[in-house]
Amino acid sequence: MLRVTGVSKSFGGIAALDSVRLDVPRGHITGIIGPNGSGKTTLLNVIGGLLRPNAGAIALEDADITGLPVHDRARRGLTRTFQISRELGALTVLENLLVARLQQTGESIWKAFARLGTVQREEKEAIARAGAILERVGLWKLADDPARALSGGQKKLLELCRALMLDPKIILLDEPAAGVSPPMRAEIAEVIRSLRSEGVTFVIVEHDMEMVAGLCDQVYVFAAGTNLTSGSFQEVVSDRRVVEAYLGGVL
Ligand SMILES: Nc1ncnc2c1ncn2[C@@H]1O[C@H](COP(=O)(O)OP(=O)(O)OP(=O)(O)O)[C@@H](O)[C@H]1O
Ligand SMILES: [Mg+2]
């Protein structure tokens, strides 16, 4: 479904990614783990189109998307979640979903914000869709609350809901469990699992090993901007090199 080959990215001479590869099968949850600073977020940014790689290629369903802007990737079904910013925090939960849909066309948050009134009158269908998504994840009762009033875990769910407004085939998640209470982690994992069962593909960067173990069909391990190994969760955690990378041993 998604294939990353030989991707390198440096920041001012420092290599954050050095010729990395990633093969993401359709309908699977692929996990990316690795110590802090190993390049995981940089890779998601390169896949999502926020960063241009210095070398290498990204293919989505066999089409080269390496140079495409973010909204063109979204149109092809590739999307990533973004933290709810201060501006979005002022909007209601429902409005956050409606704005996500507008932003999909490449509109800035402010333009989308200005158009929100019109949309609420005109796009009944968008509202129905947003309602169904919020209902599904248990946020419908909070639809009219400002997003900033949500808990850390509810904000993560809202980020996912915003991505779902774009009708994605593949979703990139950066640390969906970070700063989230254990019961909410389980809830988020359940939503991800149920979306997978409907055919949505995921790439998840996560430090919480319980979540990785419970969700991921395959796991890639990164160390110092390179591929260390990949396989099932059990395979990679029993690899001595992985333990050493985390302990800051040989790498
Ligand atoms: N915009 C940037 N400018 C300069 N250096 C950067 C930038 N983004 C990342 N880096 C550097 O690239 C390397 C990889 O960072 P990255 O954020 O991808 O790591 P990570 O694996 O996501 O870490 P963490 O687990 O802490 O989130 C780090 O050395 C980091 O300091
Ligand atoms: Mg990161």
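1. Sorted by class, the shell around ligand 1 has three nonpolar, seven polar and two charged residues. In this scheme Ala, Val, Leu, Ile, Met, Phe, Trp, Tyr, Cys and Pro are nonpolar, Asp, Glu, Lys and Arg are charged, and the others, Gly among them, are polar.

2. A quick note on the ground rules: this is a predicted model, where local features need pLDDT of at least 70 and side-chain atom pairs count only at pLDDT 80 or more, while totals for chains, interfaces and linings use all residues. Residues are numbered from 1 along each chain as its sequence is written, chains are lettered from A and ligands numbered from 1 in the order in which they are written, and side-chain values use heavy atoms, leaving out hydrogens and water.

3. So who's around the ligand? Among the residues surrounding ligand 1 are F11, P35, E175 and H207 (near means a heavy atom within 4 Å). Helix α1, residues 40–48, gives the most to this shell, with three residues (helices are DSSP runs of H or I, at least four residues).

4. Now look at the oxygen atoms of ligand 1. One is 2.6 Å from an N or O atom in the K40 side chain, and a backbone N or O atom of G39 lies 3.0 Å from a ligand oxygen. For T41, a polar side-chain atom sits 2.8 Å from an oxygen of ligand 1. Taken alone, the ligand exposes 630 Å², and the protein buries 57% of that (Shrake-Rupley method, 1.4 Å probe).

Definitions and conventions
A polar contact is a pair of N or O atoms within 3.5 Å; within protein, one must be able to donate a hydrogen and the other to accept it, and residues adjacent in sequence count only if both atoms are side-chain atoms. Helices (H or I, at least four residues) and strands (E, at least two) are DSSP runs, numbered from the N terminus.
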